[in-house]
Protein chains: 2
Amino acid sequence: MATIRDVATMAGVSVATVSHVLNDSRYVAPETKERVVAAIAELDYRRDGIARSLRRSETGTIGVIISDIKNPFFSDLYKGVEDTINGLGENQNLILCNTEEDADKERKYLDVIMEKRVDGLILAPAGGNEDYLQALVKRQFPVVFVDRSLSAVRADQVVVDNRQAARELVRHLLDRGHRRIAILKATLHADSIDRRVEGYEDALRAAGLAADPCLRVDSASDIDAAYRGGLAVLDLDPRPDAVFCTNNFMTLGMVRALDARGLSCPADIALVGFDDFPWADSFRPRITAVAQPSYEMGREAALLLHARLRKQRTGPPITVTLPTTMLVRDSSG
Amino acid sequence: MATIRDVATMAGVSVATVSHVLNDSRYVAPETKERVVAAIAELDYRRDGIARSLRRSETGTIGVIISDIKNPFFSDLYKGVEDTINGLGENQNLILCNTEEDADKERKYLDVIMEKRVDGLILAPAGGNEDYLQALVKRQFPVVFVDRSLSAVRADQVVVDNRQAARELVRHLLDRGHRRIAILKATLHADSIDRRVEGYEDALRAAGLAADPCLRVDSASDIDAAYRGGLAVLDLDPRPDAVFCTNNFMTLGMVRALDARGLSCPADIALVGFDDFPWADSFRPRITAVAQPSYEMGREAALLLHARLRKQRTGPPITVTLPTTMLVRDSSG
DNA sequence: GCCTCTTGAGTAATCGTTTACGTAATCGAT
DNA sequence: ATCGATTACGTAAACGATTACTCAAGAGGC
């Protein structure tokens, strides 16, 4: 690979001049510039981003750490980030890391991408690395939390009102006359999930019902586990007449469990879920759900981070709360 | 941020020694090492990956360029790559780029990630950058094609036998007695899609039928476009009694179109699709489909690339062909 | 004819590592 | 006492850019 020195030699100028035509950073006489440009083309020179980063202490890469890109919520969010960064005209790239809700994995990813000197970080924390992140933030390293926040760490964040949305969803079930409402809860160390449980309890309480611990089933956050959790919900005696799924994997597992038990929804049991699916309207059962603005969350996160990086915003961290959408379909009866 | 020099000073040794304890690259007396380690801890020193990359000319990042991470096929594939790289014990990170089938976007991404000096590239080409990629490969830059290949560019690749799989899928429709079989084709510049069309024609021909051009509807590769394409299929006169969808977005759009027209599947029209869905068993209609081993494709691509990077394999490019799985469900009648 | 400004471009330090060479010190063997 | 090996570590040159200084030459003012 040709270096800037090769270009300089070929064009009969100094490396400084080449650098300046490359970056348009000072006046270069037209004929000189032309020679440089010709040499660049001739040698098929591409500047070395690594050397450049070292010098400028800025890499043009951003770390995105989420739990699972296979979750449509996150892939949508990721697209939001990517499109927004591109739209801002930055030549930034994203390093994507999936933690699978594993704090150790998250920690390891944090270590290596910090070593790679990413310019900033967009993060849906798995929990368990509060100290590390706290240290980052204290060092003024640009971090934006998305979907989840960490009470111990004050940084920019973009979230939705999980509690309120869950409350609305469960109230809807109550309005439809359901009383024995189970909850299939994903066991994540995510405050978002905790808020959803609170919303569930709020709604029950408001209806004069107590949250019966027997009606709560915990499950790891993947479809297979949720399927087993779903079976457990259905095996409760007496069977609940409705179930609230705290995220989309729970919903998917629950639907599979219904199918496995030969039960139909909403006839045998009603169901509402947090998170919508891209194909929600085409397939049956049609799930009543709260849709999060996942793409916009990614977009907002990118904007927050960008503003920090460009120093367009300094000072205390801010929280962007985006609205959810309640989508009433068939599954709620 | 502390540098290696700071550490050296604090420990009272040279930078070389610090570097050597960092990399375990030569013997350092236990007491000396201890002082260095202490200084590292004291200063919370983290080595600068950028400087390191510059010196070693190796960045520990790999570019992954696909069309759309929201496509479950690609998110699964991505996970396969990521898990495999991690499993290999490399501290590699992945830069993920979504081209949305846009050659210009792909080109731009190629430019910036090559400038970032990624160590290698895993790519599902959108088409249109053959020359550029050809040049890369000629320069011995490690590239692995996945899902799609470019006839003009010989590089390592991992694919499935699209033609054979499509043939099997359509033969299945023929076996079920369907004769008027439409095809909803994604307009991608991807050889994989072309092979699927050929498989469709093969099957028809083998049954003594001609591929009627009227039965083919082309659509951009996203759900909304596929929905409109699906409506067009349904509006054919006479209506086809079956339809073959060339990828998962086509299937999703087709199902929505059926729903919009109040038609049911397979009663009114049968349907088979290329690509499976994670939730295929839980929701109705249950789609008969060919499942690609997307995760394994990512895994194989990662292995191929890794072997090149570690020079465990040199010489001519190889092609890994992975088997597909035919999943007969309800939608084929 | 001397001085100052402007124009255009070169010199060399610097970013933070890695690593090819060197070298001082210790030791056992002769 | 001298010598080669061995042990332990330091010196300084890369890696390929960016950029603060510097400077020569020509223009213009007096």
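This is a predicted model: local features need pLDDT of at least 70, side-chain atom pairs count only at pLDDT 80 or more; totals for chains, interfaces and linings use all residues.
In chain B, the buried residues of α12(B) pack against β1 (61–66), α5 (72–87), β3 (120–123), β4 (143–146), β5 (156–160) and β11 (319–322).

Helix α12(B), residues 294–309, has 16 residues and reaches 23 Å from its first C-alpha to its last, close to the 22 Å expected at 1.5 Å a residue. The helix is mostly covered, with twelve of its 16 residues buried; among them are M297(B), L303(B), L304(B) and L305(B), but also R299(B), E300(B), H306(B) and R308(B). After α12(B) comes K311(B), whose phi is positive, near 55 degrees.

The buried residues of α8(A) are N162(A), A165(A), A166(A), R167(A), L169(A), V170(A), H172(A) and L173(A). Following α8(A) is G177(A), with a positive phi near 95 degrees.

**Pairing of the chains**

Two copies of a chain are related by a rotation about an axis and a shift along it. Here, chain A is superposed on chain B by a rotation of 180 degrees with 0.0 Å of shift along its axis, at an RMSD of 0.1 Å. The two copies are thus related as by a two-fold rotation axis. Between them, 39 residues of chain A are in contact with 39 residues of chain B. On the side of chain A that touches chain B, the elements giving two or more residues are α4, α5 (72–87), β2 (93–98), α6 (103–115) and α11 (248–260) of chain A, and the residues of that side divide into 17 nonpolar, eight polar and 14 charged. Because 100% of the interface residues of chain A are also interface residues in chain B, the copies meet through the same surface.

**The nonpolar core and a buried loop residue**

In soluble globular proteins, nonpolar side chains tend to be buried together. The largest nonpolar core of this model has 172 residues, and those with the most contacts inside it are V64(A), V243(A), M254(A), V64(B), V243(B) and M254(B). Apart from its neighbours within four places in sequence, M254(B) is in contact with L184(B), A226(B), G230(B), V233(B), V243(B), C245(B) and L271(B).

V118(A) lies in the loop between α6 and β3 (120–123) of chain A, yet V118(A) is buried, with 25 other C-beta atoms within 10 Å. Beyond its neighbours within four places in sequence, V118(A) is in contact with T59(A), T61(A), I62(A), G63(A), I95(A) and I113(A). V118(A) and V64(A) are 54 residues apart along the chain, and their C-alpha atoms are separated by 10.0 Å.

**Surfaces near the DNA strands**

Around DNA strand C there are 28 residues, of which S14(A), A16(A), T32(A), I4(B) and A51(B) come nearest. At least two residues of the surface near DNA strand C are supplied by each of α2 (15–23) and α4 (49–56) of chain A and α1 (4–11), α2 (15–23) and α4 (49–56) of chain B. The largest share of this surface, six residues, comes from α2(B), and the residues near DNA strand C divide into 13 nonpolar, eight polar and seven charged.

Around DNA strand D there are likewise 28 residues, and T3(A), I4(A), A16(A), S14(B) and T32(B) come nearest. The elements giving two or more residues to the surface near DNA strand D are α2 and α4 of chain A together with α2 and α4 of chain B. The largest share of the surface near DNA strand D, six residues, comes from α2(A), while the residues of that surface divide into 13 nonpolar, eight polar and seven charged.

**Backbone details in loops**

| Residues joined by a cis peptide bond | Omega |
|---|---|
| D237(A) and P238(A) | about 0 degrees |
| R284(A) and P285(A) | about -5 degrees |

P238(A) is placed in the loop between α10 (223–234) and β8 (242–245) of chain A, and P285(A) in the loop between β9 (270–274) and β10 (288–291) of chain A.

In chain B, D24(B) is a residue other than glycine with a positive phi, near 55 degrees; D24(B) is found in the loop between α2 and α3 (30–43), where D24(B) is exposed, with 9 other C-beta atoms within 10 Å. D44(B), also a residue other than glycine, has a positive phi near 50 degrees and lies in the loop between α3 and α4 of chain B. With 10 C-beta neighbours inside 10 Å, D44(B) counts as exposed.

Notes: Residues are numbered from 1 along each chain as its sequence is written. Chains are lettered from A and ligands numbered from 1 in the order in which they are written. A residue is buried if 20 or more other C-beta atoms lie within 10 Å of its own, exposed if 12 or fewer, and partly exposed in between; C-beta atoms are placed from the backbone. Helices (H or I, at least four residues) and strands (E, at least two) are DSSP runs, numbered from the N terminus. Copies are superposed by least squares on the C-alpha atoms of residues with pLDDT of at least 70 in both. Two residues are in contact if their C-beta atoms, placed from the backbone, lie within 7 Å. A nonpolar core is a set of buried Ala, Val, Leu, Ile, Met, Phe, Trp, Tyr and Cys residues joined through C-beta atoms within 7 Å. A residue is near a molecule or strand if its C-beta atom, placed from the backbone, lies within 6 Å of it. Ala, Val, Leu, Ile, Met, Phe, Trp, Tyr, Cys and Pro count as nonpolar, Asp, Glu, Lys and Arg as charged, and the others, Gly among them, as polar. The expected span of a helix is 1.5 Å times one less than its number of residues.
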